[in-house]
Amino acid sequence: MIGRPKLVLASGSPRRLTLINQAGIEPDALQPADVDEMPYKGELPRACATRLARAKAEAALEAVRLNEELRGAFIIAADTVVAVGRRILPKAELLDEAGQCLRLLSGRNHRVHTSVCMVTPNESFRQRMVETRVRFKRLSGEDIEAYLASGEWRGKAGGYAIQGLAGAFVVKIVGSYTNVVGLPLYETLALLSGEGFPIHFGWLNT
């Protein structure tokens, strides 16, 4: 897109792309980072999200440096961690994992932490942490079985996607909704605009 700096989204997540598109921004490239997302032993949720977002941003920067068309682009990376207390829930890939997550979240509060890491065109790093509290209703066996059968949980932190069927489980949310989906829009756009990225550029063409 002529008239604004380039932007690279360091993610392969369709949810993050949909969110940044919702804000009127079309990334010039997607650069998913191949980063091991396993938490370190004893690592706290906020620290884990912060570390992984930075690692994804650094990996994307390495790739961008090698691409003449993208060199000097803004880079946005993010990592979302769902936690009950100090316990980090997995990105569920197996049915049993997802079932365990849902049983743990049933009738309880949990926290969703997303760290957003931005790399500026001069390769300085800016990072923000966003935390949202979510309360689930008490889930019946039928709720859990039906949700597992839907397959929506696959690859989702905490074994659920709030923007899908699991939205019906949410009794209360305190904080950013887009954070729970995977990219807190207010904070992401604040990072970009703070470094001179024209966040309203695409609004003129909507």
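**Pockets and a buried helix in a predicted model**

The lining of the largest pocket draws at least two residues from each of α1 (14-22), β3 (74-84) and α5 (177-181), where helices (H or I, at least four residues) and strands (E, at least two) are DSSP runs numbered from the N terminus. The model is a predicted one, in which local features need pLDDT of at least 70 and side-chain atom pairs count only at pLDDT 80 or more, while totals for chains, interfaces and linings use all residues. Residues are numbered from 1 along each chain as its sequence is written, and side-chain values use heavy atoms, with hydrogens and water left out.

**The chain as a whole**

- The protein chain holds six helices and seven strands, and from the N terminus on these elements run β-α-β-α-β-β-α-β-β-α-β-α-α.
- With a radius of gyration of 17 Å, close to the 17 Å that the globule rule gives for 206 residues, the protein chain is as compact as a globular protein of that length; the radius is taken over C-alpha atoms, and the rule is 2.2 Å times the number of residues to the power 0.38.
- Of the 206 residues in the protein chain, 47% are buried, meaning under 20% relative accessible area with a 1.4 Å probe, protein chains only.

**The largest pocket**

- About 350 Å³ of space lies in the largest pocket, a pocket being an open set of points on a 1 Å grid over the protein atoms alone, where a 1.4 Å probe fits, with protein on both sides within 12 Å along at least five of seven lines; the volume is the space filled by probe spheres set on the points, which are joined across faces, edges and corners.
- Its lining has 25 residues, with Ser-13, Arg-15, Arg-16, Lys-91 and Gly-155 nearest the centre, and lining residues have an atom within 4 Å of a point.
- β3 gives the most to this lining, namely three residues.

**The second largest pocket**

- The second largest pocket contains about 230 Å³ of space, and among the 16 residues that line it, Glu-37, Pro-39, Leu-89, Pro-90 and Lys-91 are the closest to its centre.
- Two or more residues of this lining come from each of α2 (45-65) and β3, and β3 gives the most, with four residues.

**Helix α3**

- Within helix α3 (residues 95-105), the buried residues are Ala-98, Gly-99, Cys-101, Leu-102, Leu-104 and Leu-105.
- The cover over these buried residues includes β3, β4 (87-88), β5 (109-119), β6 (125-136) and α4 (141-150), with contact meaning heavy atoms within 4.5 Å.
- After α3 comes Gly-107, whose phi is positive, near 70°.

Key. Buried < 20%, exposed > 50% of the residue type's maximum accessible area, 1.4 Å probe, protein only.
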